[in-house]
Amino acid sequence: MRLHGRLAELARLGATGEGIDRGLFTPAERAARERLASWCRAAGLRLEQDRVGNLFARLDAPGAAGGAPIQCGSHLDTVRNGGAYDGAYGVVGGLEALQRIAASGRPLQRSLEVVAWAGEEGSRFPLGCLGSSVYAGQTAYDAAAALVADDGESFGAAVRGPNGLLDGVPVRDGFPPPAAYVELHVEQGPVMENCGARLGIVSAIAGQRRFQVAIEGVAGHSGTVPMTHRADALCAASELVLAVERAALAASDTVATVGQLVVDPNQTNIIPGHVLLRIDLRSIDDGRITAVDARIRDEAAQVAQTRGLRIGVTLLESRPAVTMAPPMRSLVRAACLERDPQAVDIVSGAGHDAMCVAAVAPVGMIFVPSIGGRSHVGDERTEPADLELGVDALVAVLLAAASAAVGGSGAVGASDA
Ligand code: GLV
Ligand code: MN
Ligand code: MN
């Protein structure tokens, strides 16, 4: 089947043996956008990109020229050793939905568009939802351009470089918003599987903050400096890692993770002089995020004082929790319950481009289950039949949204939002 064949093709781009590595504006990620562009051209969709590298493919509705489209989509970049469905499913599933709608010959009252957002994962440049954040006006283009990847390349250079914007695809003016946006995604957790649901009606997306912590101790000889005279940056980092865990455990419905640790000079017989670590903090309750943030900073200050070294905490990213727009959620609910009476309301613990698009348009999200709740790992899987069902639901939501928008002020539910 077309959907599965395409997902399998994309999964080969950036395959590492343990998963998929497709950081934004790397050769593999560009190849994925090229592949998507070739499928979209073959499907007769009109391609455009914007200046941050978001790629749009539009199914024009005859006579609806100029009206804002109903959008769907997700991202093609992955985390390191990520899975084949996180993001790619929403993009390929969106294309599949547009192709099915085009093939049905059904008259469209509004154009439809599938988007591959640039750099959702924040795994190369230190900002998640990069492309959708600039699109939605939450990050200034110049601020994005100044971001520097761990490999030293700036976003500004990368977007203009050989793995950046695609050749032969027109670059749109500005960032025109859609009339509405719906994102199809794998759940990435175990909730739906545990309750036997094949479709999820997303109610909200958890807020998140990401921090970088720089610990400056004193490097030295591991054999000669007495234990009582050390300022070991890794020992300080270890205390902080556990403090982060304690802080999240103490606040309910909150998760915090230290997923990245860079030890310098990272050699057996040298006391670690510098450590950089990154913290990811999330909750559906923004107040809890603020409280845990404060606690982590307090703990960092205490560790620094007790151990006589410097710890600097920098906020890299902060996104509040986002609620799905009631009109879109109603459309998603109707489409999901019609296809799966067991469909459940679900909160997303993972971040999505929909969080940003919500600033400029009503958004909704559809989930399908992840086998064993596994995601951000190479063995991420979803049953093929569930992937198909998700696309069916997406088709229904797109068609309903395209009709609902007609006669309104341009945005779905503009009068009742
Ligand atoms: C993206 O997948 C995120 O939630 O970090
Ligand atoms: Mn994703
Ligand atoms: Mn992800």
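How far from an oxygen atom of ligand 1 does a polar side-chain atom of R282 lie? Select both and look: the distance is 2.6 Å.

Before going on, a note on what is on screen. This is a predicted model, where local features need pLDDT of at least 70, side-chain atom pairs count only at pLDDT 80 or more, and totals for chains, interfaces and linings use all residues. Residues are numbered from 1 along each chain as its sequence is written, chains are lettered from A and ligands numbered from 1 in the order in which they are written, and side-chain values use heavy atoms, with hydrogens and water left out.

**Stop 1: around the ligand**

Stay with ligand 1 and select E121 next, where an N or O atom of the side chain is 3.0 Å from a ligand oxygen. Then pick H376, which has a polar side-chain atom 3.1 Å from an oxygen of ligand 1. On its own, ligand 1 exposes 190 Å², and the protein buries 95% of that (Shrake-Rupley method, 1.4 Å probe).

Now show the whole shell: E120, E121, R210, R282, A350, G351 and H376 surround ligand 1 (a heavy atom within 4 Å). Colour the shell by class and you will find 1 nonpolar, 2 polar and 4 charged residues; Ala counts as nonpolar, Glu and Arg as charged, and Gly as polar.

**Stop 2: a ring pair**

The whole structure holds 7 aromatic pairs (ring centres within 6.5 Å).

Methods:
A polar contact is a pair of N or O atoms within 3.5 Å; within protein, one must be able to donate a hydrogen and the other to accept it, and residues adjacent in sequence count only if both atoms are side-chain atoms. Rings of Phe, Tyr and Trp (its six-membered ring) pair if their centres lie within 6.5 Å; planes under 30 degrees apart count as stacked, over 60 as edge-to-face and the rest as tilted.
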